[in-house]
Amino acid sequence: MNTIHEVIKTLRFTEGQSLLELIYLIASVLFVFGLKMLSKPDTAKKGNLWAAFGMSFAIVGTILFHRVDGEPIRHIPLILLAFAIGATAGWIIARRVKMTAMPQLVSLFNGMGGACAALIALMEFPHIDAAGGVPYGQLITIMPGVMIGTVSFTGSMIAFGKLNGNIGDLRTKALRPVNILLLMIMLSLIVWVMVRPDVHADGHIGAWPVYLLLGLSAIYGVLFVMPIGGADMPVVISLLNSFTGLAAAFGGFLYHNQAMLTGGILVGSAGTILTVLMCNAMNRSLINVIAGAFGGGGAPQTKEAGTVKEISVNDTAVLLAYSKKVIVVPGYGLAVAQAQHLCNEMVKLLEEHGVEVQFAIHPVAGRMPGHMNVLLAEADVPYDKLKEMDEINPELPNTDVVVVIGANDVVNPAAEDDPSSPIYGMPIIRAHTARNIIVMKRGMGKGYADIENFLFYDPKTRMLFGNAKDSLQKLIEEIKNL
Amino acid sequence: MSEVFEFLYVNREMLFIVALSVLLGIEVISHVPAVLHTPLMSGANAIHGVVIVGAIIVMGHAHSTSAIVLGFFAVILGTLNVVGGFVVTDRMLEMFRKKPGKK
């Protein structure tokens with residue numbers, strides 16, 4: 001029979017500690033309910049509040065009742081000060097930022113959580129007492145905690161910079177072997193510390209492997225996200241989100257803290273599923289995304305581009321107002337131009353002319369799944385007008401005019417008929433099957449996948465160049481004058 | 001090898017929680033409509049801010065100045081994650097409120 005050093009001690013507890021476990025239980029249940037309610041449109045807002053309620057419960061409970069060997073939480077004024085600083089900053093940032101910048105913001109906050117998890121693990125390492133034998137349990141929670149938290153932090157910061165337009169893509173295949181090597185080194189470092197820890201005479205373990213791991217993880221996080229194309233950023237953020245969940249769960253293991261454990265694992269698994277759902281929406285495998293195949297591709301263009309035909313605002317207005325059925329395909333360009341309100345205004349005008357208008361939302365329209373729905377909901381577009389891709393595609397051949405506003409890759413027919421295209425196989429909104437296509441665009445620039453869009457050269461397509469906001473403004477005037 | 005078994009034995013209850021939570025997480029969000037992907041990701045993002053509990057524990061039992069300083073930062077970072085996450089999610093969902101009767 002083996003003996004276990006970690007549990008051979010008298011367990012002392014206070015009523016408060018017992019109460020705290022109950023509080024953690026309630027918080028965990030609230031997290032589950034919150035997440036469940038968040039996945040239904042009707043209850044989502046309440047779900048968020050329930051989860052927030054559970055969180056405040058867990059935080060207050062910890063401050064009041066947490067004990068280590070009977071010692072209560074100290075430095076409470078400092079903790080409250082830090083809390084006040086973080087809460088104020090978080091509140092202001094979250095309230096002020098434009099709706100188009102939401103994906104960056106989620107990435108930023110995710111990075112903060114990752115950094116927090118890494119810091120905790122880092123600070124716990126010197127406390128490891130190996131005098132009575134190496135505590136493998138603590139090592140195996142601290143080392144991966146440092147690694148995952150740090151990768152999540154630097155990765156999220158790069159993702160933030162990319163979505164914000166501060167950082168470009170680094171499209172090189174050379175990074176792939178470097179990344180794999182780096183990952184191998186980090187994993188072996190963890191194994192090495194487990195197998196041969198550098199135990200000092202005073203029972204502490206030499207901390208240098210942790211700092212080395214910290215440095216390597218920081219580099220890995222950067223290199224991991226750098227080669228991934230901007231179009232895949234939502235998937236990456238979702239993945240990093242579940243990473244941070246894992247890092248939090250490792251913290252839960254470390255402190256035997258059930259709230260951290262359940263909260264972290266829930267997000268870890270839910271985040272992973274969400275990542276897979278997003279990949280499915282783009283018909284791409286997670287491995288492909290991580291390998292940066294999108295950015296690295298750049299397949300040669302074989303077809304002749306042909307010429308594009310422009311259309312005037314006046315003609316567009318006439319064409320739209322005398323159609324029976326119009327479908328709007330909004331994209332990131334609409335969001336960037338902040339033109340969602342004008343777009344809704346135009347739709348209302350058209351409906352007064354007896355035109356049937358619907359919106360076709362590609363699963364990854366905008367920069368994140370569901371992002372476009374949020375933006376259009378902000379502009380009071382009725383929920384039942386938003387149609388998902390699979391729902392709208394069969395209707396497109398019977399549509400008089402498709403208006404593509406600031407979207408590009410999601411309507412690129414190359415995804416269906418050009419096997420050499422990097423986006424081949426991605427489900428698209430089949431705008432090219434409609435009777436007429438109007439593309440509102442600032443110029444002939446390429447989309448996020450950086451490939452030519454042959455929809456623009458289709459004989460049925462007319463281009464209306466200009467900023468989406470200006471074009472829509474003029475269009476509204478023209479329709480009013482009809 | 002015995003260390004592995006030791007670890008499994010000591011943490012047996014935690015491992016149960018992990019396994020069941022993984023399944024629960026998958027089950028809870030597997031039927032989410034695409035519309036809610038972004039708010040859901042944001043909400044989940046706020047929930048993993050529970051790591052702040054760990055930050056409070058570290059900070060609350062810190063003895064050296066350096067630990068207090070690091071703990072202070074950890075609490076700030078965790079709070080940013082929690083408060084920012086929930087407020088952003090709320091703001092996103094605010095926009096769904098006025099929509100008329102969704103089945």
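**Entry 1: helix α14 of chain A**

I began with helix α14 of chain A, residues 340–352, which has 13 residues and reaches 19 Å from its first C-alpha to its last, close to the 18 Å expected at 1.5 Å a residue. For my notes, helices are DSSP runs of H or I with at least four residues, strands are runs of E with at least two, and both are numbered from the N terminus. The expected span is 1.5 Å times one less than the number of residues.

I listed the buried residues of α14(A) as A:Gln340, A:Leu342, A:Cys343, A:Asn344, A:Met346, A:Val347, A:Leu349 and A:Leu350. Buried stands for under 20% relative accessible area, exposed for over 50%, and partly exposed for what lies in between, with a 1.4 Å probe and protein chains only. After the helix I found A:Gly354, with a positive phi near 85°.

**Ground rules**

I am working with a predicted model, in which local features need pLDDT of at least 70 and side-chain atom pairs count only at pLDDT 80 or more, while totals for chains, interfaces and linings use all residues. Residues are numbered from 1 along each chain as its sequence is written, chains are lettered from A and ligands numbered from 1 in the order in which they are written, and side-chain values use heavy atoms, with hydrogens and water left out.

**Entry 2: helix α6 of chain A**

Next I checked α6(A), residues 175–195: its 21 residues should span 30 Å at 1.5 Å a residue, and its end C-alpha atoms are 30 Å apart, which agrees. I noted A:Leu175, A:Asn179, A:Leu182, A:Met186, A:Leu189, A:Ile190, A:Val193 and A:Met194 as buried. Seen down the axis, the buried residues of α6(A) fall within an arc of 140° (taken from the directions from the helix axis to the C-beta atoms), so they line one face of the helix. On the other side I see A:Pro177, A:Leu181, A:Met184 and A:Val195 exposed.

What do the buried residues of α6(A) pack against? I found α5 (136–164) and α7 (208–225) of chain A.

**Entry 3: two residues up close**

I followed α7 of chain A to A:Leu214, which counts as partly exposed because its relative accessibility is 26%. A:Leu214 touches A:Leu122, A:Val146 and A:Thr150, setting aside residues up to four places away in sequence; contact means heavy atoms within 4.5 Å. I also noted that A:Leu214 and A:Met147 are 67 residues apart in sequence and 6.3 Å apart in space, C-alpha to C-alpha.

Then I looked up A:Thr244 in helix α8 (residues 233–255) of chain A. A:Thr244 counts as buried, at 1% relative accessibility. Beyond its neighbours within four places in sequence, A:Thr244 is in contact with A:Asn110, A:Gly113, A:Gly114, A:Ser152 and B:His48.

**Entry 4: chain A meets chain B**

I counted 107 residues of chain A in contact with 84 residues of chain B. The two chains bury about 8,900 Å² between them, 79% of it on carbon and sulfur atoms. That area is the accessible area (1.4 Å probe) that two parts lose on being put together, summed over both. A:Lys45, A:Met123 and A:Tyr383 supply 8% of the area that chain A buries against chain B, more than any other three residues.

How many salt bridges does the rule find across the interface of chain A and chain B? I got two, taking a side-chain nitrogen of Lys or Arg within 4 Å of a carboxyl oxygen of Asp or Glu. I noted a salt bridge between the side chains of A:Arg95 and B:Asp90, at 3.8 Å, N to O.
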